[in-house]
Amino acid sequence: MSPVEVREMFSDEEVAATFGVMRQLRPHLGSAEDYLRRVRRMRKEGYRLAAVLEDGEVRSVAGFRVQESLISGRHLYVDDLVTADDARSRGYGRMLFRWLAEEARREGCRELHLDSGVQRGRAHRFYFREGMEIRHYHFAMEL
């Protein structure tokens, strides 16, 4: 059994190491350098990254932030959550999801939130298994 850890990714090198897996969820992302610059900008708005690593290799990654709203109070919002295609169904997503829930508790959050594309049926089954429920619709329009 290989050593597996879940931890927050802080340094530029750690963030860059998440790019390949993150791009599987967000294929529109440009180069690794563009990704790193975007993450740096988003950090100013509270964006954080966490990953599951096995022998130092990123297997699953999540982008998240702690927010507060009138409807939900203090909550942890998951912007991105993805497991590498070749590492699915091995428990990495569950490990990361549970780490996120614990981080939310450490941060004094009452809830964990995320949006998920309507086409992501497999991800939705995972979220239901982890105890999530559909509470709202999310609307958007291009400008």
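These legends describe close-up views of side-chain contacts in a predicted model.

**View 1. The aromatic pair F97 and F126.** This is one of the five aromatic pairs that the structure holds. The rings of F97 and F126 are edge-to-face, at 5.9 Å centre to centre and with 85 degrees between the planes. F97 belongs to helix α4 (residues 92–106) and F126 to helix α5 (residues 121–129), so the contact ties together parts that are 29 residues apart in sequence. Both F97 and F126 are buried. Together with Y127, these two residues form one aromatic cluster.

**View 2. The aromatic pair Y137 and F139.** The two rings are tilted, with 55 degrees between the planes and 6.3 Å centre to centre. Y137 is exposed at a relative accessible area of 75%. F139 is exposed as well, at 71%.

**View 3. R106 over the ring of W99.** The charged end of R106 sits over the W99 ring, 5.6 Å from the ring centre. R106 also takes part in a network of salt bridges, whose other members are E8, R48, R74, E103 and E107.

**View 4. The salt bridge between D34 and R37.** The count of salt bridges comes to 21. In the one shown here, the side chains of D34 and R37 meet at 2.4 Å, N to O. Both residues lie in helix α3 (residues 32–43), where they are three residues apart, about one turn of the helix. D34 is partly exposed, with a relative accessible area of 36%, and R37 is partly exposed at 43%.

**View 5. The salt bridge between E45 and R65.** The closest N and O atoms of this pair are 3.9 Å apart. E45 is exposed, with a relative accessible area of 59%, whereas R65 is buried, at 10%.

**View 6. The salt bridge between E107 and R74.** The side chains of E107 and R74 meet at 3.2 Å, N to O. E107 counts as partly exposed at 27% relative accessibility, and R74 is partly exposed with a relative accessible area of 33%. E107 and R74 are both in the salt-bridge network that includes R106.

Notes:
Residues are numbered from 1 along each chain as its sequence is written. This is a predicted model: local features need pLDDT of at least 70, side-chain atom pairs count only at pLDDT 80 or more; totals for chains, interfaces and linings use all residues. Side-chain values use heavy atoms; hydrogens and water are left out. Rings of Phe, Tyr and Trp (its six-membered ring) pair if their centres lie within 6.5 Å; planes under 30 degrees apart count as stacked, over 60 as edge-to-face and the rest as tilted. Helices (H or I, at least four residues) and strands (E, at least two) are DSSP runs, numbered from the N terminus. Buried means under 20% relative accessible area, exposed over 50%, partly exposed in between (1.4 Å probe, protein chains only). A charge sits over a ring if NZ of Lys or CZ of Arg is within 6 Å of the ring centre and within 35 degrees of the ring normal. A salt bridge is a side-chain nitrogen of Lys or Arg within 4 Å of a carboxyl oxygen of Asp or Glu.
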